[in-house]
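Here is a short note to read beside the model. Take the points in order and find each residue as you go.

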Amino acid sequence: MQTDHLDSQLAGIVVAQDRPLLITDADEVLFAFFKEFERYLNANGTYFNWASFRLNGNILDQQTHEAIDNHVVRELLGSFFDRHTRSIPMIAGAAPSLQRLSRHMDIVVLTNIPHAQRADRAEALAANGVGFPVITNEGSKAEAVRELAGRTTAPVFFIDDSPGHHTDVAGVADHVMRIHFIGDPRLSDLLGPAEDSHHRAFDWEEISLFIESHLEEAGHSIVP
Ligand SMILES: [Mg+2]
C-alpha cells in the first residue's frame, strides 16, 4: 500500500531537471505541530513530560502520571491530524522563506501524516501562501527523496526535525544537503544535531541563507 501511495503521488510531482530542489518536512519544520499537539494532549487527559525528543513513553496520564501505551499515542496523533491539520499555525519565517526560495528552486513538502489528510495539509499550505506540492509518506523518507533527487542535476536540499530521516536519506542519496531543524525551541533544546545531517539550523532565516549560499557556491544565480 505504501509503495502504491508513494508511486502515484510521485508520478504527479513535477521537478525541473536543471533546477535546484528543496524537499522539506512539514511538522516542526513548516508547522508548529508540537505546540498544537501539546494543547490537544492536555485537553485529552494527558501531558508531555519533556524527558526526551520522542512521543512514545513521554506522554503521561494526568491522573496516574504513567506513560500511556504507544497505541494510544498513535490514536491521539491520528485524531489530532484528522481534526487539526488545516489549522496548525506555521512556524515563524517558514512561509516567507519558502516564497523567497521558490524563486531559485522547486519545492516539495514530504510529510509523514495519514494519506487521508493530504488534502487538508495542501489546503493549509495554500492558505498560508505556500501551496507547494505535498507527498504524504509512511516510515522512511529514503525512497521518496532518492526518487525526487534523481530527477534534477542541480543541488538538492532536505529539511527534517527527526534524526532518523537524515540517516535514512544519507543511506540512499548522500549528495542531498541535509538540514536538521526543530521549530519548537523547547524541543530543539532536547536534541543535538542529527548525526547524519550537514547542518543544524535554528530558524528559517538561517535556513534560507544556508541554502542560498550553497546555491551560489554551486554556480546558481541568486535573485537578491
Ligand atoms: Mg517533522
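Contact here means heavy atoms within 4.5 Å. Keep in mind that this is a predicted model.

1. **Helix 2 against helix 3.** Which residues meet where helix 2 and helix 3 touch? From helix 2 come Phe33, Glu36, Phe37, Tyr40 and Leu41. From helix 3 come Leu76, Leu77, Ser79, Phe80, Phe81, Arg83 and His84. Sorted by class, this contact holds eight nonpolar, two polar and two charged residues.

2. **How these two helices cross.** Two packed helices are described by the angle between their axes and the distance between the axes. The axes of helix 2 and helix 3 (residues 70-84) come within 11 Å. They cross at roughly 110 degrees. Angles of 65 to 115 degrees count as roughly perpendicular, so helix 2 is roughly perpendicular to helix 3. The crossing of helix 2 past helix 3 is right-handed.

3. **The buried side of helix 2.** Look at which residues of helix 2 are buried. They are Phe33, Phe34, Glu36, Phe37, Glu38, Tyr40 and Leu41. What do the buried residues of helix 2 pack against? Their partners are strand 2, strand 3, helix 3 and helix 8 (185-188). After helix 2 comes Gly45, with a positive phi near 75 degrees.

4. Phe37 belongs to helix 2. Is Phe37 buried or exposed? Phe37 is buried, because its relative accessible area is 0% and buried means under 20%. Set aside its neighbours within four places in sequence, and Phe37 is in contact with Leu55, Ile59, Leu76, Leu77 and Phe80. Tyr47 is 10 residues from Phe37 in sequence. The C-alpha atoms of Phe37 and Tyr47 are 9.9 Å apart.

5. **Aromatic rings.** A search of the whole structure turns up 12 aromatic pairs. A pair of aromatic rings is described by the distance of the centres and the angle of the planes. Take Phe34 and Trp50. Their ring centres are 5.4 Å apart. Their planes stand at 70 degrees, so the pair is edge-to-face; the cut-off for that label is over 60 degrees.

6. **What the Phe34 and Trp50 pair joins.** Phe34 is in helix 2 (residues 33-43). Trp50 is in the loop between strand 2 (46-48) and strand 3 (59-61). The pair therefore ties together parts that are 16 residues apart in sequence. Phe34 is buried, at 2% relative accessible area. Trp50 is partly exposed, at 25%. Ring pairs also build a cluster: they link Phe33, Phe34, Phe37, Tyr40, Phe48, Trp50, Phe80 and Phe81.

7. **Asn56.** Where is Asn56 found? Asn56 sits in the loop between strand 2 and strand 3. Its relative accessibility is 28%, so Asn56 counts as partly exposed. Beyond its neighbours within four places in sequence, Asn56 is in contact with Asn70 and Val73. Leu125 is 69 residues along the chain from Asn56, and their C-alpha atoms are separated by 28 Å.

8. **Two residues with positive phi.** Most residues other than glycine have a negative phi. Glu28 is not a glycine, but its phi is positive, about 70 degrees. Glu28 lies in the loop between strand 1 (21-24) and helix 2. Glu28 is buried, at 3% relative accessible area. His65 also has a positive phi, near 60 degrees. His65 is in the loop between strand 3 and helix 3. His65 is partly exposed, at 48%.

9. **Helix 4 and helix 9.** Now move further along the chain. The axes of helix 4 (residues 94-101) and helix 9 (residues 204-217) come within 9 Å. Their crossing angle is roughly 15 degrees. Angles under 35 degrees count as roughly parallel, and helix 4 and helix 9 are therefore roughly parallel to each other. This crossing is right-handed. Helix 4 brings Ala94, Ser97, Leu98, Arg100 and Leu101 to the contact. Helix 9 brings Trp204, Glu205, Ser208, Leu209, Ile211 and Glu212. By class, the contact of helix 4 with helix 9 has six nonpolar, two polar and three charged residues.

Methods: Residues numbered from 1 in each chain as written. Predicted model: local features only at pLDDT ≥ 70, side-chain atom pairs only at ≥ 80, totals over all residues. Heavy atoms only, no water. Axes fitted to C-alpha atoms, helices over the stretch in contact; angles between N-to-C directions. Helix = DSSP H or I, 4+ residues; strand = E, 2+ residues; numbered from the N terminus. Parallel < 35°, antiparallel > 145°, perpendicular 65-115°, else oblique. Left-handed = near helix turned anticlockwise from the far one by under 90°. Nonpolar A, V, L, I, M, F, W, Y, C, P; charged D, E, K, R; others polar. Phe/Tyr/Trp six-rings, centres within 6.5 Å; stacked < 30°, edge-to-face > 60°. Buried < 20%, exposed > 50% of the residue type's maximum accessible area, 1.4 Å probe, protein only.
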